[in-house]
Amino acid sequence: MRQMLPSTRADRVRWVIAALIVVFALAVPPLANLQESINPDSSAKFQIFLGTSALVLALWSVSYNLMLGYTGMVSFAHAAYYGVGAYTVALLFKRYHVPVLEGLLLAPLIAALVGLVTGWIALRAVRLYFSLLTLAISQLLYSIAYGWYAFTGGDNGIHGIELPDRLSDYGALYYFVGAVVALCLGLMFILVRSPFGAALAAIRENRERARSVGINVKAYELAVFTAASAFAGVAGGLFAIFQQEAYPEQLYWTANAQPVVVALLGGIGSFLGPAVGAFIYVFLDHVITSSSQLKSYFDVTLGAIVLAVVLIVPGGFSSAPDLAVRIYRRFRPEAEAALQPAESMGDAIRLADADRGIAAAAIAAVPVRTGAVLLEVAGLSRHFGGLRAVQDVNLVVHEGDRYAIIGPNGAGKSTLFNLISGRLKPTSGRVTFDGRNITGRPPHVIARAGIGRAFQITSIFPKLTVIQNLQYAMLANRGRTVRPYGIANRAYREEAMELLAAVGLDGLAELPAGRLSHGDQRAIELAISLALGSRMILLDEPTAGMSAYETQKAMELVRRIAGERGLTLLFCEHDMEVVFGTAKTVTVMHQGRVLVQGTPEEVRRNPEVQQVYLGELETEPEVVSR
Amino acid sequence: MSLSVKGLNVHYGKSHVVFDLELEVRSGEVLALLGRNGAGKTTTITGILGLLPGASGQVRVGDIEVGRRPPYRRAQAGMAYVPSGARCFPNLTVLENLEIAAHGNGRRAWTKETIYELFPKLEQLEANMAAGLSGGERQMLAVGRALMSNPRAVLFDEPTEGLAPVVVQGLGELMRNLKAAGVAVLLAEQNHQMALRAADRAVFMEKGRIVAEMPAGQARGSEVLHRILGV
Amino acid sequence: MDPGKLLLFTVGGLSNAAYLFIVAAGLSLVFGALRVINMAHGSLYMIAAFVTVVVANRLGAGLGFWGALLVAVAVTGLIGAVMEILVLKRIYGQEHLIQLLATYAVSLVFAGTVRAIFGSSYRTVAPPISGSIAFAGFRYSVYSIFMIGAAILIAAGVYGLMFRTGLGRNIRAAVSDPELLNASGVNVTRLYTVVFVIGAALAGLGGVIVAPSQAVNGSMDTDVLVLAFAISVIGGLGSIIGSGVGALIVGMVISFGLVNPVTNNYAIAFVFIIMAVVLTIRPWGLFGRPEE
């Protein structure tokens, strides 16, 4: 039985709202004419003009939200690409006499090209530094538009762009702009629902995790940055057409306030939110500037609104449907009880079912060749300044092995894992996986090569549902996220469900992963690492924070799946019971070096290990019992 | 009574994780707080320290009621914290790490000099950044920092976590020093062998409640240990 | 370029670097301890410049500037305290996105208020120390030498504060582990307010010092903010030394960009090219640390 969740009801409300928006947008010119015929003081032309500017703003803001809301990138350069679009149309017309409609076709291409080149530079940096770098790029483009007087007209900008006769009527221009905007919105909608969009969502939710499931984060960020630039270019081109001018302030970094405010007002969490925000913004703008008292306080009012939205209702206008559903359900308690989703009790792992895991199609099914070398680490070192975190480490992991690395905190275990999984680059040495040199390759390449990873500190995609966590990981690892069409949420549903059942999470599949309790999130972490279809899995303290029973249950699951499906395990762990109960081979690390390696029994009896790590404690009970 | 806790409740969002907890530790006494991973030991310690917004209840240090005060005022009233894995301020020198906890509260038993007497190693490392210390040295520093505030009670949150077992064995000696100084010690530990050797009494937690209490000697090898900790 | 001219532009670059350092150091200090980029930092600088103009012109020449200095720094410090308590406390530890947008909104409010009160006209204030020195064929205003001296003094002051006082030690401790600091008996909530007030006062100090050397106007907030970002990014966010080196680079580039009419229009563009180059080679700036 498919459970009716609150989100699906809100989704229906959203579709209704989207339909209403389309109807409203279509009705703007007739309504404006009607109003003028009733009230001769109002100007239909002006109303339609406002409507046109709202449409263009909607396109610009939705394209901004491809980065802001869908990928989690804050760019201060989006206005610059909008400006590039406007200048493309304006300059082609003025300098080369290219008609504006042909100019409009070129606008996205030029904007995309500029976006691609500048984005490539900006994406050398991450997060905050990326934002500040886009600021620099934006100012650079602005200073070209402003300073290259001979070509761009400097601070005067370009005026007097002429339209073809067909578009000289305000109503016709409105519908033309509306059609272009609708086409672009349609393309963007397909994009965000596609497997490509899934990769963007994964990046937004957790960059590090996205990388470790096989997503080339920088490439996807550059792709979405370029695509957003192209759509901004269309918006800018439309601006040049309906305003019949282009000027350098369009590119100034503070101009980014507009799409940001609009996206926030409408809500960055929904596709059409910014489009709704655009109409609200144009209306507010009109009200404020036509009032003589408010006019001089435009920035103050705008700032106050943004501050209020950020601090009080971060969901913006588009969270209204959820709010409405919540209020509706408050008056219908019986409906609420029926809709209440299952509660995450943190006992998923107790419900784990190893047999279902063994049968899961998501797990790699490469038969074990008899004990061939799978991973070889040779002379691997990593220094941080003077600190030798990992020093000349050699390891050989055979297929089907369960290989444990132990040692105190600071021994270099996590650094070693980060070196193998590509999160850190080694200072020297070599890592070979399945005969292939993977030394210093980026994490997404290593993930795709067949090394999956579970993190010590739970690393999932918190706002995605539990099942999406697995679906998107599978899409990424199987190289499907390059597809910009199709519907990501329909891919690998059965396979993901199967795996969720194996770790005891099938009852919670549609809940946002971040809402689950700590223990259940550990189970997601484990499921993601299994879903990757990897031949080898790196587990960094897989049972951290689990009770003794859960630890036993989780390790049994891992051990049985690994055994039956030919997975190779490389794990580190502080719990010696887990280590000696699971591992076939053990390596002890101490101060960045390998102290000893061998079978669990050899390691346990090694006097050096007893001296620096195990001490007397671990052996004491045995001595007593003998 | 140097540390007493009554009716401590902790909520994380909607879920209730520690229930009506009651504890008393006399000065010069070490009380071990034992339980499985996830039983609520760390939550109890951080709750008593005032670090959790969802914690409520009476907490008394010496004769000062601090249950409604922010963490820094609890610290000033005589509570000191040794976090798990002996966390320190890595970007401060050893000396700065010690000085940071010295707030003028009128109690002057512990000074930089007396702590250097206890841990001569720290004096040699005085000007080093804490980031470069080994696990054992960090342990000394974390305890030294706690003592610098001349505490009435020290709360240890799994001090042995992530340390080499060989370093863990030195902890018993430390506890004896603290007892001698008349400090009340609450020791939350996963490592029950070490904890029971150092403690006078032990309480056992399960699912956010205290389920048993007994002298440490009696707890060693007892049926309770087996039932609750699964050993 | 002859040596006399070289010296002229170098001194010009140093006096640019002087006020830019003071502003950027405040931005960096706040980011280092609170992990928030304050988009309203330039607004505080602009407010201080306007306060200086008003107070100094009312009090008259001579003492006026020094009185204005005290008033302007006090005003920006106070605004900083109010802003920290009302806005910043709600956004600590949230996504960069929320932090950028919230402080950006505050900057809109400040900028709008300043423009509503002072309009769009330019204002000026006489420097407290007038006169100039002739050297190797060019004249140097005493005030630009004073600016350089003031920046060196402030740099020493900030260094002393961070590494020679208990407050500085606590600020550094808050950078690495605020929870442990709180449990060690330090009022971290108040410490954060103090840090933000110091940052705001540095922005204010920059605004006061720059006021006699430039036309004070309603768009100087974004102008300086953009440069302060460039400096922080080149030097590394959160590093005071980085702010100094970054300010020197940016100050010099702007000064030497004005050497001839060809580069004149693009002087600012060179700053951003350098910023892009630095980040391409060292994504965390020259003295910054990678953020995880």
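I take pLDDT as the predictor's confidence in each residue, from 0 to 100. This is a predicted model, where local features need pLDDT of at least 70 and side-chain atom pairs count only at pLDDT 80 or more, while totals for chains, interfaces and linings use all residues. Residues are numbered from 1 along each chain as its sequence is written, and chains are lettered from A and ligands numbered from 1 in the order in which they are written.

**Confidence**

I started with the overall scores: ipTM is 0.92 and pTM is 0.84. I then went chain by chain.

Chain A has a mean pLDDT of 84, with 88% of its residues at 70 or more. Helices and strands here are DSSP runs (helices H or I, at least four residues; strands E, at least two), numbered from the N terminus. In chain A, helix α10 (residues 217–243) has the highest confidence, at 96, and helix α27 (residues 620–625) the lowest, at a mean of 34.

I count two residues as in contact if their C-beta atoms, placed from the backbone, lie within 7 Å. Residues 616–626 of chain A stay under 50 in pLDDT, and the model gives them eight contacts beyond four places in sequence. Where pLDDT is low, the predicted coordinates should not be read in detail.

Chain B averages 87, and 93% of the residues score at least 70. Its lowest helix is α7 (residues 165–168), at a mean of 68, and its highest is α3 (residues 94–99), at 95.

Chain C has a mean of 90, with 98% of its residues at 70 or more. There α11 (residues 261–264) is lowest, at a mean of 71, and α8 (residues 188–210) is highest, at 97.

**Where chain A meets chain C**

I found 33 residues of chain A in contact with 33 residues of chain C. On the chain A side, α5, α11 (257–266) and α14 (298–312) each give two or more residues. α5(A) gives the largest share, twelve residues. By class, this side has 23 nonpolar, seven polar and three charged residues. I count Ala, Val, Leu, Ile, Met, Phe, Trp, Tyr, Cys and Pro as nonpolar, Asp, Glu, Lys and Arg as charged, and the others, Gly among them, as polar.

Next I checked α5(A) (residues 127–147) against α12(C) (residues 267–281). Their axes come within 9 Å and cross at roughly 145°. Axes are lines fitted to C-alpha atoms, for helices over the stretch in contact, and angles run from 0 to 180 degrees between N-to-C directions. Among the residues that meet are Tyr129(A), Leu133(A) and Leu140(A) from α5(A), and Ile268(C), Phe272(C) and Leu279(C) from α12(C). This contact has ten nonpolar, two polar and no charged residues.
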